[in-house]
Amino acid sequence: MLAVLTRPRAVIFDWDNTLVDSWVCIQESYNMTFRHFGMAEWSLDETQARVAASMRDSFPAMFGERWLEARDVFTASFEAIHMEHLRPLPGAAEMLQGLRDVGLVLAVVSNKRGTFLRKEAEAMGWGPFFAHLIGADDAEVDKPDAAPVRLALASTGISPGPDVWFVGDSPIDMQCAVNSGCIPVLLRPHPPYEGEFLHAPARFLAGCDDLADLVREL
């Protein structure tokens with residue numbers, strides 16, 4: 001049975017693979033880092049299954065005492081290629097424009113480094129859509145903690161809660177929504193896998209057009 005939703009006052013989006021197609025770029029950046037350390041590379045499927053947390057949360061376990069070196073290698077690798085890989089997901093720009101046109105406050109909370117996030121948004125011409133674009137290291141702790149959600153809504157007059165949707169493509173996004181008291185909405189082509197989510201999304205939507213249609217209906 002579908003959860004009953006009411007029209008939100010604000011929508012917070014994840015960035016990578018929610019609004020822009022990033023998986024190939026992320027995979028290559030990880031593999032460039034792995035090659036530096038002589039480690040086995042990841043397939044695209046492995047990348048999609050393993051990447052969600054920010055570097056400061058995930059790299060210490062992956063690289064041990066050399067995690068700061070790995071962070072620097074990954075950052076340089078990503079910086080070298082991310083702009084050439086930047087592609088909007090189908091219908092994303094139209095969806096964002098439509099949501100802004102009906103008066104919703106929009107923001108982004110991503111585990112991509114904030115400087116990269118804002119550079120990409122500027123290159124896409126999407127900066128004016130968002131009240132705030134919050135990336136890794138911008139808040140005192142990263143997603144799934146609620147801290148970046150609070151920062152994303154700062155000065156908007158809206159507090160985290162049930163009239164805010166958190167829209168993303170992964171379990172860490174749904175966890176962040178729950179941790180911050182927002183409504184978790186899963187946006188990606190494929191529905192949840194059995195046992196994938198500790199906290200099930202309130203709604204699954206297969207594409208940006210579906211999200212725009214749902215808000216119009218409400």
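Helices here are DSSP runs of H or I with at least four residues, strands are runs of E with at least two, and both are numbered from the N terminus. By that count, the chain in this predicted model has nine helices and six strands.

**View 1. The whole chain, before zooming in.** Let's start with the overall dimensions. The C-alpha atoms fill a box of roughly 50 × 35 × 30 Å along the principal axes. A compact globule of 218 residues would have a radius of gyration near 17 Å, and the chain agrees, because its own value is 17 Å. Buried residues make up 50% of the 218. Take the contacts with a separation of 6 or more: 62% of them come from residues 24 or more positions apart. As for the surface, the chain exposes about 10,200 Å², with carbon and sulfur atoms supplying 53% of that.

**View 2. The six-stranded sheet.** Read across the sheet and the strand order is β3-β2-β1-β4-β5-β6, with parallel pairing in an open arrangement. β3 (133-136) and β6 (203-205) are the edge strands, each pairing on one side only. From one strand to the next, the twist averages 25 degrees.

**View 3. Strands β2 and β3, with helix α6 packed on the sheet.** β2 (residues 105-113) runs parallel to β3, and three bridges join the two. Look for R113, which stands opposite A136 in β3. Helix α6 (residues 114-124) packs on the sheet and touches both β2 and β3. The direction of α6 makes about 130 degrees with that of β2.

**View 4. Helix α9 and its two sides.** Helix α9 spans residues 208-217, and its buried residues are C208, L211, A212, L214 and V215. These cover an arc of only 160 degrees around the axis, so they sit on the same side of α9. What covers the buried residues of α9? The cover includes the strands β1 (10-13), β4 (164-168), β5 (183-187) and β6, along with helix α5 (92-101).

**View 5. L19, a buried loop residue.** L19 lies in the loop between β1 and α1 (23-37). Its relative accessible area is 0%; a residue under 20% counts as buried, so L19 is buried. Which residues is L19 in contact with, leaving aside its neighbours within four places in sequence? They are F13, D14, P88, L89, A92, M95, L96, V108, W126 and F130. For a sense of distance, L19 and E46 are 27 residues apart in sequence, and their C-alpha atoms are 21 Å apart in space.

View 6. D137 lies in the loop between β3 and α7 and has a positive phi of about 75 degrees although it is not a glycine. With a relative accessible area of 44%, D137 is partly exposed. P144 also has its place in the loop between β3 and α7 (147-153). The peptide bond leading from K143 to P144 is cis, with omega near 25 degrees.

**View 7. S155, beyond helix α7.** S155 is found in the loop between α7 and β4. Is S155 buried or exposed? S155 is exposed, with a relative accessible area of 74%. Its phi is positive, about 70 degrees, although S155 is not a glycine.

How values were computed. Residues numbered from 1 in each chain as written. Predicted model: local features only at pLDDT ≥ 70, side-chain atom pairs only at ≥ 80, totals over all residues. Heavy atoms only, no water. Pairing = 2+ DSSP bridges. Axes fitted to C-alpha atoms, helices over the stretch in contact; angles between N-to-C directions. Contact = heavy atoms within 4.5 Å. Rg over C-alpha atoms; globule rule 2.2 N^0.38 Å. Buried < 20%, exposed > 50% of the residue type's maximum accessible area, 1.4 Å probe, protein only. Areas by Shrake-Rupley, 256 points an atom, 1.4 Å probe, with all protein chains shown as cover. Arc of directions from axis to C-beta.
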